[in-house]
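Hello,

Here is the structure I said I would pass on. Please look at it first, then read the notes below.

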Amino acid sequence: MAAAENERGYNDAKPMHHPFDGLIRAFRLVALCLTMAPPVCAATSWGGTLRDATGNPVGGAILRLHSTSGDHDYSATTSASGEFTIPDIAAGSYEVSASSGGKSWKTANPVVIAAGTALPDGLQLSVQPQELRLVTSGQASSRRASGGEHLSSGEVSSLPLNERDFSKLLLLAAGTMTDANGAANFTQQFAVNGQRGVTTVFALDGADTTDPEMGGATFSNFNVDAIQEVQASSGVMPAEIGHGAASYTNVVTKSGTNEVHGSVFEFVRNAAFDARNFFDRKSVADEGRIPPFVRNEFGFTNGGPFVLPGIYDGRGRTYYFGEYQGFRQVLGTTQVLSVPTAAERQGIDTATYPGDTLTIPVNPQIEPVLAGYPVPNDPQGSYGARTYATSSKVSTSTDQFSVRIDHQISDKATVFGRFSLNQVTGPVTNPDQTAIDPSFAIQFFDHQRNAALRYSRVFSPHLTSETSIGYIRSTPLFPSINH
């Protein structure tokens, strides 16, 4: 009773604004919050990556969280790299769904979200419609190793790429630099973490595209508008790669959707945009000359459902995606050579014995050879009176195309196929000799082919089978005109 009377006396004193009133009210507010339902007082955020059944990121998909109680709804759109973030989610039970390309997926069971609960950082679309799986990023994409870079299609297309060569993006990864000893025409090598350039591995959609003879990447001029993601890994290589020790770079190509999409591009560079270097002059009287230079890069992409009017309608089942990229370049390289003077062509030598003239009869059989040399044009050059300065044109031409087909056999099985062809002509390997006679040119030619075939089947939410076959062939040649 004494305690009750004291408490009642304290309560009766509240209108007198006791000094501890504010503190008491704060404690009561905290106690009230702790006893109420979690959605009112607790919220969390969910972020991760949405991928399809083959592990490729799905961009532009819409994710929705619908509370089973009907109190809350959230939505987010995935980025080009499949990433999503849903902030400030009230605790509770939610139905999670995803929609993309006119199709929808949904988790088999509601997802319980509570404050402090770790959520999976990945979602994966199974081949069976209506099923959205909660996975970790490691389960969604198995071809990864420690370190490296992962670039989305938007990042690949927006970064400045000289010659639109995606392999230049590897230099963004820590510990990566070009291997000066491994540059061989169109198969640039990259030294990763101190390893030799020949130990790097390149692939398209998981199919090996490493140059079998010299290392480095074939198909380095693959149309970047057709790239979905570049996965560059370094460190300990996954077992399924099979060879190499430095890094593994997998270029994931885009697939078609139920809507037809495409792109067209052309890039131009020429000598009008260049400045001359110290050696770029034809003669002392023509200081402003610069070597000729013309470069054109052009191509297109197109993808959508595979439809043969009146024969087959592949909407929702079969998709295609094709791309082409052409490269044309004429590069003038400055050449400074030592050639015979007019007197030396006649057998007159004044250099062997300064102050004396030595005359040697010229064999008639060697006169055509001497006449084949150009006349010196820069007496103030590096070789004095014998200096000949000019530019030698180096031509390069490539045509590269690829076509990809994706087909959903059933609710649990899919098949994917791709064929790529790259025809490389040039450049000449001896521009110093072509400055004397263009017929001395030794051309570089390479015919590259690559194919990939993959079959995937889901037996259960915990068992998936994937069978892949890859094919690569590269036939480099060095034909010469004048034997």
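Asp205 sits in the loop that runs between strand S13 (200-204) and strand S14 (207-208). Helices (H or I, at least four residues) and strands (E, at least two) are DSSP runs, numbered from the N terminus. What you have is a predicted model, in which local features need pLDDT of at least 70, side-chain atom pairs count only at pLDDT 80 or more, and totals for chains, interfaces and linings use all residues. Residues are numbered from 1 along each chain as its sequence is written, and side-chain values use heavy atoms, with hydrogens and water left out.

Is Asp205 buried or exposed? Asp205 counts as buried because its relative accessible area is 7%; buried means under 20%, exposed over 50%, and partly exposed in between (1.4 Å probe, protein chains only). Although Asp205 is not a glycine, its phi is positive, at about 55°. Most residues other than glycine have a negative phi.

Asp88 also is not a glycine and has a positive phi, of about 50°. Asp88 belongs to strand S4 and is exposed, with 55% relative accessibility.

**Salt bridges**

Side chains of opposite charge can pair when their charged atoms come close. A salt bridge here is a side-chain nitrogen of Lys or Arg within 4 Å of a carboxyl oxygen of Asp or Glu. How many are there in the whole structure? The search finds eight salt bridges.

One of them joins Arg404 and Asp406, at 2.7 Å from N to O. Arg404 is buried, at 3% relative accessible area, and Asp406 is buried too, at 15%.

Another salt bridge is between Lys106 and Glu95, at 3.8 Å from N to O. Lys106 is in strand S6 (residues 103-106) and Glu95 in strand S5 (residues 92-100), so this pair ties together parts that are 11 residues apart in sequence. Lys106 is partly exposed at 36%, and Glu95 is partly exposed at 31%.

Arg315 and Asp313 also form a salt bridge, at 2.9 Å from N to O. Asp313 is partly exposed, with 44% relative accessible area.

**Aromatic pairs**

A pair of aromatic rings is described by the distance of the centres and the angle of the planes. Rings of Phe, Tyr and Trp (its six-membered ring) pair if their centres lie within 6.5 Å; planes under 30 degrees apart count as stacked, over 60 as edge-to-face and the rest as tilted. By this rule there are eight aromatic pairs.

Trp46 and Phe84 make an edge-to-face pair, 5.9 Å centre to centre with 80° between the planes. Trp46 is in strand S1 (residues 43-51) and Phe84 in strand S4 (residues 83-90), 38 residues apart, and the pair links these distant parts of the chain. Trp46 is buried at 2%, and Phe84 is buried at 3%.

Phe298 and Tyr324 make a tilted pair, with 6.3 Å between centres and 45° between the planes. Here the link runs from strand S18 (residues 293-305), which holds Phe298, to strand S21 (residues 318-338), which holds Tyr324, 26 residues apart. Phe298 is partly exposed, at 25%. Ring pairs also join Phe298, Phe300 and Tyr324 in a cluster.

**The chain as a whole**

The chain has eight helices and 27 strands, and 39% of its 483 residues count as buried. A contact means heavy atoms within 4.5 Å. Among contacts between residues at least 6 apart in sequence, 65% join residues at least 24 apart.

**Confidence**

pLDDT is the predictor's confidence in each residue, from 0 to 100. The chain averages 78, and 77% of the residues score at least 70. Among the elements, S18 has the highest mean pLDDT (92) and helix H3 (residues 38-41) the lowest (40). Over residues 30-42 pLDDT stays under 50, and the model has nine contacts beyond four places in sequence for that stretch. Over residues 138-146 pLDDT also stays under 50, with 31 such contacts.

Regards
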